[in-house]
Amino acid sequence: MKIFAVLLLTAPFLVLTGCGEETSSDKSDVSAEESFVGELTALGELPSLLGEGLTPEERAELVEQILPAGVEDAPEAEEKFKEFFELARSGDPVAQTGLGVMYYTGEAVSKNAAGVVLDNDPAMAAGWFYRAAEQGYADAQFNLGLLYANGDGVAQDMEEAAELFMLAAEQGHVDAENNLGAMYYTGEGVARDEQKAIEWFEKAAAQGNEEAQANLDAIRAAQ
């Protein structure tokens, strides 16, 4: 039996919002959502979750990697990046998510400590997704969950990925619903529970998710 888990970070599942397009979480009321940690991280501060267990030297290195220093001194930055950055700096979760997508895809220029331009910067992306995710923004929770599932920009942590997918899925994020179903079916990051897997696949399939419908069909064919 083949279970289709959307657990690979690919462009179609990185949701760039704030451009006038409806996303899977536009229908939900995120204002009532609690932050998934009890803090809001200001620009220039390292989110505590990303710094846990690090030495002061490692923490300082991570700060250099994920926090956007000197952006205002980059006159060649694209207009979209500048717009996102100004809004993201003020705490706008949609812009923070958009900025994270730009860093992940390489649309935003980033350099390592040696000054070498990177093709993309998943660690920087994770920092921005985190800021939006802790405000309850489903697209950012989903994107950050993908990074944790793949160990891309952050240490791989399937339990953290499952928690983030759950937060997004509870807001009706269709791809998070499908991923959560897959994780319940395989027992990755959560205790294996086929009934819960089916429930999440059904929620995603009801929104037209073809992978979720294929998962349901496969499960039912095997019963």
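Close-up 1. Arg89 and Glu86 form a salt bridge, their closest N and O atoms being 2.6 Å apart. The term salt bridge stands for a side-chain nitrogen of Lys or Arg within 4 Å of a carboxyl oxygen of Asp or Glu. Arg89 is partly exposed at 33% relative accessible area, and Glu86 is partly exposed at 41%. (Buried means under 20% relative accessible area, exposed over 50%, and partly exposed in between, with a 1.4 Å probe and protein chains only.)

A word about the model: it is predicted, with local features needing pLDDT of at least 70 and side-chain atom pairs counting only at pLDDT 80 or more, while totals for chains, interfaces and linings use all residues. Residues are numbered from 1 along each chain as its sequence is written, and side-chain values use heavy atoms, leaving out hydrogens and water.

**Close-up 2. Arg220 and Glu202 meet in a salt bridge.** Their N to O distance is 3.1 Å. The pair links distant parts of the chain, with Arg220 in helix 10 (residues 210–222) and Glu202 in helix 9 (residues 194–206), 18 residues apart. Arg220 is partly exposed at 43%, as is Glu202 at 36%.

**Close-up 3. Arg192 has two partners to look for, Glu194 and Tyr185.** With Glu194, Arg192 forms a salt bridge whose closest N and O atoms are 3.8 Å apart. The charged end of Arg192 also sits over the ring of Tyr185, 4.6 Å from its centre. (A charge sits over a ring if NZ of Lys or CZ of Arg is within 6 Å of the ring centre and within 35 degrees of the ring normal.)

**Close-up 4. Phe81, Phe85, Tyr103 and Trp128 form one aromatic cluster.** Rings of Phe, Tyr and Trp (its six-membered ring) pair if their centres lie within 6.5 Å; planes under 30 degrees apart are stacked, over 60 edge-to-face, and the rest tilted. The structure holds four aromatic pairs. For Phe81 and Tyr103, the centres are 5.8 Å apart and the planes at 80 degrees, so this pair is edge-to-face. Both Phe81 and Tyr103 are buried. Look too for Arg131, which lies over the face of Trp128, 5.4 Å from the ring centre.

How values were computed:
Helices (H or I, at least four residues) and strands (E, at least two) are DSSP runs, numbered from the N terminus.
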